[in-house]
Amino acid sequence: MIVAERKKIPELFDIVKEHKKLLVLGCGTCVTVCLAGGEREVGILSSALRISSRLRGVDLAVEELTIERQCDNVFIEQAADAVERNDAVLSLGCGAGVQAIAERYHSKPVYAGLNTTFIGVLEEQGIWAEKCAACGACVLHDYGGICPVTRCAKRMLNGPCGGSREDRCEVRADSPCAWQLIYARLKEIGQLDKLRRVAPPKNWSHSIDGGQRLIVRQDHRI
Amino acid sequence: MENSEFQPSVLAFCCHYCAYAAADLAGTMRIQYPPNVRIIRTPCTGRLETEFLIKAFETGADGVLVAGCLEGGCHYTSGNLYAKRRVQYMCDMLDEIGLEKERLRMVNISAAMARPLSDAITDMVETVRKLGPSPVPHNGHKSSASLKS
């Protein structure tokens, strides 16, 4: 799922301070699960902004609302009245949610309250780890389900760099060496021979560079 | 600013099994502690959400004391450990907001520790007295701090 983190209060206050009426809009899906932008976090952040504004003598009224998802029109339209009532929206959705809200309610300033960070999973309570970089050309089948793009600090596709110490990455000592993990996994599933294949340089054209990526399913278009 | 007239308003969230029992015992033993504290009984300090702590400051508390069981002695096993982390998170957030983090404190008290609890309350009230009234205006009123500055 998408994992994000709240921006710091001073930065947020700076962004919203010129408005008189602010709607803090939460999202009930990914950001609720990663404890960054759900109903509870909306409540906490709204209180924090009220306190911040009063401390600085700034007149700011903060309204709170959380919708199920900020990336779906069906839910976005439920926020219409609240958006109308306020001067600006501080969205606690992921980057996609913020932009969807901004597109739908284009006459109001819409700001992002979170830094959307990665696609990842909850590894243990309170710790989320990046798993996927959305590179657009998945090669997990060649690496035993362990991604060399996200897990290896050097994004190496053809085996370890040789710099690992014990089983730790040379670049990030708090990370295990991804290639050690890949080796162990391929051994476990009996696919070690995949390591003999030399992967060509990755085609990054499917990834983040080159503008907005689109996926079109003609079979679903009328 | 004259702090001698200032009477701090401190909220004390006390867990039912330990801290509240200790407060009760302090009463039975006729131990005196400052009246500036308002005790709120919770089943366990683990019940405290971060929102309760921040709402306390939003609505004008000058200080907040969280009193839970001794670590390892929580009636619900680890409620006080959750509270410890939430209080730490809230202290960091107070810093971000611009309030003094000393306005929020957690102490660990067992049901027999009536005197240490009253000492903790006295110490907290004194700390908050020195810090001065909360600079957060609330209920449409300016805080006394901003009125005098």
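Predicted model: local features only at pLDDT ≥ 70, side-chain atom pairs only at ≥ 80, totals over all residues.

Trainee: At what angle do helix α1 of chain A and helix α3 of chain A pack?

Mentor: Helix α1 of chain A covers residues 9–16 and helix α3 of chain A covers residues 39–55. Their axes lie 10 Å apart, and the packing angle is about 70 degrees. Angles of 65 to 115 degrees count as roughly perpendicular, so the word for α1(A) and α3(A) is roughly perpendicular, at an angle of about 70 degrees.

Trainee: Which residues of α3(A) do the residues of α1(A) meet?

Mentor: Let's start from the α1(A) side, where A:Ile9, A:Leu12, A:Phe13 and A:Val16 make the contact. By class, the contact of the two helices has six nonpolar residues, one polar and no charged ones. The partners in α3(A) are A:Ala48, A:Leu49 and A:Ser52.

Trainee: Which element gives the most to the side of chain A that touches chain B?

Mentor: Good one! In chain A, 13 residues are in contact with 13 residues of chain B. Two elements of chain A, α1 and α3, each give two or more residues to that side. By class, the side has six nonpolar, three polar and four charged residues. With ten residues, the element that gives the most is α3(A).

Trainee: How many Å separate the centres of domain 1 and domain 2 of chain A?

Mentor: The domain assignment gives domain 1 as 2–118 and domain 2 as 134–206. Taken over C-alpha atoms, the separation of their centres is 38 Å.

Definitions and conventions: Residues numbered from 1 in each chain as written. Chains lettered and ligands numbered in written order. Axes fitted to C-alpha atoms, helices over the stretch in contact; angles between N-to-C directions. Helix = DSSP H or I, 4+ residues; strand = E, 2+ residues; numbered from the N terminus. Parallel < 35°, antiparallel > 145°, perpendicular 65-115°, else oblique. Contact = placed C-beta atoms within 7 Å. Nonpolar A, V, L, I, M, F, W, Y, C, P; charged D, E, K, R; others polar. Domains from an automatic or database assignment.
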